[in-house]
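Please walk me through this structure.

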Amino acid sequence: MRHILRVDMSDLSITKEDLPAKWERYGGRALTSALVFSEVPPDADPLGPDNVLVFAPGLLGGTNTPNGGRLSVGAKSPLTGTIKESNAGGQAANALGRLGIAAIVFTGKPADPSARYMLTVEADGEASVSRVDEWAGAGNYAVSDAIKGMRPDDDRYSTITNGPAGEAGLKASGIAVSDVKGYPNRFAGRGGMGAVMGSKGLKAIVISDKGLKTPEHADKEAFSAAIKIFSNALREHAVSGQGLPTYGTNVLTNILSEAGGLPTRNFSEGSFEGAEATGGETQREIILERGGDVSHGCHSGCVIQCSRYWVDKDGHYKTKGPEYETVWSFGADCGISDLDDIAELDRTCGDFGLDTIEMGATMAVYMDSGAIAFGDGKAALAALKSVFEGGEPGKVLGDGAEATGKAFGVSRIPVVKHQALPAYDPRAVQGIGVTYATSTMGADHTAGYTVATEILKVGGDLDPLKPEGQAELSRNLQIATAMLDSLGLCIFVAFPVLDIPEAFTAIHEMAEAHTGQKWDVDALMQLGKETLVYEKLFNDRAGFGPADDRLPEFFKTDELPPHNITFQVSDADLDSVYDFVPEVAKEMGIQ
Amino acid sequence: MFGFLHSARTEAGLPTTVEIEVPEEGTTARQIALDLGLDLDMIEGVFVNRTVYDVEHPVVGGDRIAFVPPGTPGPHRFYLGLYRAGQTQSETSPRADRPGQDGLDESSDQPED
């Protein structure tokens, strides 16, 4: 029986309660969104006592499901003002799953704003809160080292930590989760979750799952059979089995630049002359030359192994091999072509606890103001450091692209619901524009990610440059992605399912064999729909309407080279994406 | 040449971006791949002037083409048409043996990678 651990930061009380029966089919994003919907007044101050901060493994967390260890972090976002689920890899989710914890919910707010706390959950389930004021202002790497010194040598534990950005309440702050080697370099990056964690005085969470086994399966044999099929599909497939482990997500840089969809110099162009120098192929060659590691998983149980470590010229660990989004945000979007400069910016964000997507996009907006030049990596690093070390421009950068654009009089501000757009220009890839505009999360590249033949109704005839069919596809992708986020699966498992039908079958077989509940395709899509219903209704009640489900005007007026095209999906189409909500809400008994 | 095609070229000491000449009447991306010694099984789709097609797509002087191997992550494989291109290829064009070097007229240049 899974349970919820509640920690009230106002009085530091800890209670344990059974997961309510109405939520027994929920995990991950479904659970965080259901909790936020139920417990947070939509007009609450995100940094006030009425917001919650929820950490939840997926429904399959801790079960040995391949790639099933993703963590969902939920709250009302201080950046977007919407409900938010921020998703991370790392070791914490599987640990929580093994402990039988469906979610840790932090409520309230300490009376003393200078207090810093750490929650420790031991393998026997004992949970305690301790004072760690001496860590105030410490970077994620320093806190991680301090925790290491406090744990027994033979312990197995994971950490969730907050950097100084979150402590300072910055809207671009994220939360760090430890990876397989214990580095705090996996991020619940988007939406300012670090600021929520900081508002609750929480500096760290340590979770020990030493000696713990997977939770019981309803049908162990069926589960073992299904994970074998799933694992094989992941290994066989060209994307998950070869492309990603070899090049990581950064293989997209050359491809998107060729397609004319790589936002360059603050979304002013779609191809970057530095694509070859910063792409995954070059990144891999450099890492190999310097003796670094080019393939590992972000959590144990990952079969895909798409991550790598970037090392400096002397072969020392610098940061996790910057992912596509970071290589874009601090690369093409800023006009920077040097991977070492990008890695330094990535490391600095990681230590401070800042979302690299938001910060790169922010830096590009700052460059567009003329304050520093596009392409100047050293100036970008100095500007980033000024957020904490003084100098220009200072803290304003840490509040994200929109705040920075307004402060410096930049008219081209690429945000939706106040969150910066990620690494695909919607004019060259119209479908992702629909997702950016309509997702409950604000501009989000992972919200509509999961392409499976079961949900592909458009028969593969979609033209990325045309509006036809994009809204329907985005709807189905968003539902399927919300489903994966709720199961705790890495969205990269979606790649094999496009070509290997057994892989999708394996997903529902694993869910059924573990839970003993029915999980056919309809039930899986229902899970995704219910998740989105909670989110949409929360946002509606928080005051968001159709006008917020739009891209910034300049995407409709400024033609993007090289295709010289604008965003063309109609407002009516955008408004149709969530048309399933009223009916499903009624079935769920919420309006 | 991207992804695995890129690595195969650099490992063989060959450039990943080349300019080649094509016959006046044009050719196909497939023929160019064969002429360059690229493994057709390692090509899912081809960008021709920034739009994705399958390898049978015609190519004329002045065109810019880019070969994309299987392995594109994200929904972008689908959005950009690489999935569709790959499906068409496996249905219509079984892999051919490499031809000889005769029959190619020299004509206008084109950049490609």
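H1(A) and H20(A) are roughly parallel to each other, since angles under 35 degrees count as roughly parallel, over 145 as roughly antiparallel, 65 to 115 as roughly perpendicular and the rest as oblique. H20 spans residues 521-541 of chain A, and the two helices pack at an angle of about 30 degrees with their axes 9 Å apart. Axes here are lines fitted to C-alpha atoms, for helices over the stretch in contact, and angles run from 0 to 180 degrees between N-to-C directions. Helices (H or I, at least four residues) and strands (E, at least two) are DSSP runs, numbered from the N terminus.

H1(A) passes H20(A) in a left-handed crossing. A crossing is left-handed if the near helix is turned anticlockwise from the far one by less than a right angle, and right-handed if clockwise. H1(A) makes the contact through A:Arg29, A:Ala30, A:Ser33, A:Ala34, A:Val36 and A:Phe37. H20(A) answers with A:Leu527, A:Glu530, A:Thr531, A:Tyr534, A:Glu535, A:Leu537 and A:Phe538. Two residues are in contact if their C-beta atoms, placed from the backbone, lie within 7 Å. By class, the residues of this contact of H1(A) with H20(A) are eight nonpolar, two polar and three charged. Ala, Val, Leu, Ile, Met, Phe, Trp, Tyr, Cys and Pro count as nonpolar, Asp, Glu, Lys and Arg as charged, and the others, Gly among them, as polar.

A note on the model and its labels. This is a predicted model, in which local features need pLDDT of at least 70 and side-chain atom pairs count only at pLDDT 80 or more, while totals for chains, interfaces and linings use all residues. Residues are numbered from 1 along each chain as its sequence is written, and chains are lettered from A and ligands numbered from 1 in the order in which they are written.

Now step back to the domains. The assignment for chain A gives domain 1 (3-208), domain 2 (248-419) and domain 3 (429-499 + 520-588); such bounds come from an automatic or database domain assignment. The C-alpha centres of domain 1 and domain 3 of chain A lie 27 Å apart. Their contact takes 32 residues from domain 1 of chain A and 23 residues from domain 3 of chain A. On the domain 1 side, helix H1 (28-39) and strand E5 (83-88) of chain A each supply at least two residues. H1(A) gives the most, with seven residues. That side has 11 nonpolar, 14 polar and seven charged residues.

H16 (residues 430-438) and H17 of chain A have axes that come within 9 Å and cross at roughly 60 degrees. That makes H16(A) oblique to H17(A). The crossing of H16(A) past H17(A) is right-handed. Among the contact residues are A:Val434 and A:Thr435 of H16(A), and A:Leu473 and A:Leu477 of H17(A). The residues of this contact divide into four nonpolar, seven polar and no charged.

Stay on H17. A:Ala480 is found in this helix, residues 470-487 of chain A. Is A:Ala480 buried or exposed? A:Ala480 counts as buried, because 27 C-beta neighbours lie inside 10 Å. The cut-offs are 20 or more other C-beta atoms within 10 Å for buried, 12 or fewer for exposed, and partly exposed in between, with C-beta atoms placed from the backbone.

Turn to the second chain. In all, 31 residues of chain A are in contact with 23 residues of chain B. H7(A) brings the largest share of the chain A side, six residues. That side divides into 19 nonpolar, nine polar and three charged residues. Chain B itself has four helices and seven strands. Of its 113 residues, 46% count as buried.

Last, the backbone. The peptide bond from A:Glu392 to A:Pro393 is cis, with omega near -10 degrees. A:Pro393 sits in the loop between helix H14 (377-389) and helix H15 (401-407) of chain A. The bond from A:Pro561 to A:Pro562 is also cis, with omega near 5 degrees. A:Asn266 has phi near 50 degrees, a positive value in a residue other than glycine. A:Asn266 is buried, with 24 other C-beta atoms within 10 Å.
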